[in-house]
Amino acid sequence: MTAPIRVVVADDHPIVRAGIVGLLESAEGIEVVGVAADGLEAVALAAELSPALVLMDLRMPGLDGARATARILAEGGGVRVLVLTTYDTDEHIVEAIEAGAAGYLLKAAPQDEILAGIRAVVAGETVLAPSVAAQLVRRMRADAGGATALPQALSPRELEVLRLVAAGSSNPEIARALVIGEATVKTHLTHVFEKLGVNDRTRAVTRAMELGLL
């Protein structure tokens, strides 16, 4: 049997936190191993329990979700962070992206979407709520002063790979769709990261959206 996905839930609102825990505990293949009421507790539990994923609220006392995300990822260990927030226009969302969170969903999303997002992020994919992605594009365009040109153009195959990444496909799925090897997919992604000036899949997708490539 496949081991369950071990999740830490971080949210400062007791009722919301209990609801999220209840949803995850009722889902097949997901195990809640810890709950945190603030960012500092989330960081401590991530270090202590080594979960596969921390489901992170953004607005929390003491240490907000963005800074907690940065600390968790700085520790290494392969823990992934999926932001689950109420706000699709919150400044903290942009901070969470820079911190390296692998996914961004809204609490108003359907339950199946949240569960699918958890599984996708743990599998190495990127998950962005449409309204969150739109907000990121607006912010980055404003910060870049409306820049639209790439330092170096992406090749047609690199664009194909990036579009599949944006659709939530994993590297094996991209390899099957394009009939290429996984190593080739990784090479294309490396080139995409270099050309877009980013370090991960999430930033590659949002940067490409900013530039009108997706």
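Of the 214 residues in the chain, 48% count as buried. The model is predicted. The chain holds 10 helices and six strands. Its accessible surface comes to about 10000 Å², and 53% of that belongs to carbon and sulfur atoms. Among contacts between residues at least 6 apart in sequence, 64% join residues at least 24 apart.

**Nonpolar cores**

In soluble globular proteins, nonpolar side chains tend to be buried together. The largest nonpolar core in this model has 49 residues, of which Val7, Leu24, Val54, Leu55, Met56 and Ile118 touch the most other members. Leaving aside residues up to four places away in sequence, Val7 touches Leu24, Ile30, Glu31, Val32, Val33, Gly34, Pro51, Leu53, Leu55 and Ile118. Apart from this core lies another, of 18 residues, with Val165, Ile174, Val192 and Phe193 among them.

Ile118, one of the residues that touch the most other members of the largest core, is also one of the buried residues of helix α5. Helix α5 covers residues 111-122, 12 residues in total. From its first C-alpha to its last, α5 reaches 17 Å, close to the 16 Å expected at 1.5 Å a residue. Just after α5, Gly124 takes a positive phi of about 95°.

**Salt bridges**

Side chains of opposite charge can pair when their charged atoms come close. A search of the whole structure finds five salt bridges.

| Residue | Partner | Distance, N to O |
|---|---|---|
| Asp11 | Lys107 | 2.7 Å |
| Asp57 | Lys107 | 3.5 Å |
| Lys195 | Glu158 | 2.9 Å |

The relative accessible area of Asp11 is 1%, so Asp11 is buried. Lys107 has 25% relative accessibility and therefore counts as partly exposed.

The side chain of Lys107 also meets that of Asp57 in a salt bridge, at 3.5 Å, N to O. Because Asp57 lies in the loop between β3 (53-56) and α3 (65-74) while Lys107 lies in the loop between β5 and α5, the pair ties together parts that are 50 residues apart in sequence. Asp57 counts as buried because its relative accessibility is 7%, under the 20% that marks a buried residue.

In another salt bridge, the side chains of Lys195 and Glu158 meet at 2.9 Å, N to O. Lys195 is in helix α9 (residues 182-196) and Glu158 in helix α7 (residues 156-166), so the pair ties together parts that are 37 residues apart in sequence. Are these two residues buried or exposed? Lys195 is buried, with a relative accessible area of 15%. Glu158 counts as buried as well, at 5% relative accessibility.

**Asn171 in helix α8**

Asn171 lies in helix α8, which covers residues 171-178. At 15% relative accessibility, Asn171 counts as buried. The side chain of Asn171 makes a polar contact with the side chain of Arg201, at 2.6 Å. Not counting residues up to four places away in sequence, Asn171 touches Glu182, Val185, Lys186 and Leu189 as well as Arg201.

**Positive phi outside glycine**

Val179 has a positive phi of about 55° although it is not a glycine. Val179 lies in the loop between α8 and α9. With a relative accessible area of 71%, Val179 is exposed, because exposed means over 50%.

Ser50 is not a glycine either, and its phi is positive, at about 50°. Ser50 lies in the loop between α2 (39-49) and β3.

Technical notes:
Residues are numbered from 1 along each chain as its sequence is written. This is a predicted model: local features need pLDDT of at least 70, side-chain atom pairs count only at pLDDT 80 or more; totals for chains, interfaces and linings use all residues. Side-chain values use heavy atoms; hydrogens and water are left out. A nonpolar core is a set of buried Ala, Val, Leu, Ile, Met, Phe, Trp, Tyr and Cys residues joined through side-chain atoms within 4.5 Å. Buried means under 20% relative accessible area, exposed over 50%, partly exposed in between (1.4 Å probe, protein chains only). Contact means heavy atoms within 4.5 Å. Helices (H or I, at least four residues) and strands (E, at least two) are DSSP runs, numbered from the N terminus. A polar contact is a pair of N or O atoms within 3.5 Å; within protein, one must be able to donate a hydrogen and the other to accept it, and residues adjacent in sequence count only if both atoms are side-chain atoms. The expected span of a helix is 1.5 Å times one less than its number of residues. A salt bridge is a side-chain nitrogen of Lys or Arg within 4 Å of a carboxyl oxygen of Asp or Glu. Accessible areas come from the Shrake-Rupley method with a 1.4 Å probe; for residues, only the protein chains shown count as cover.
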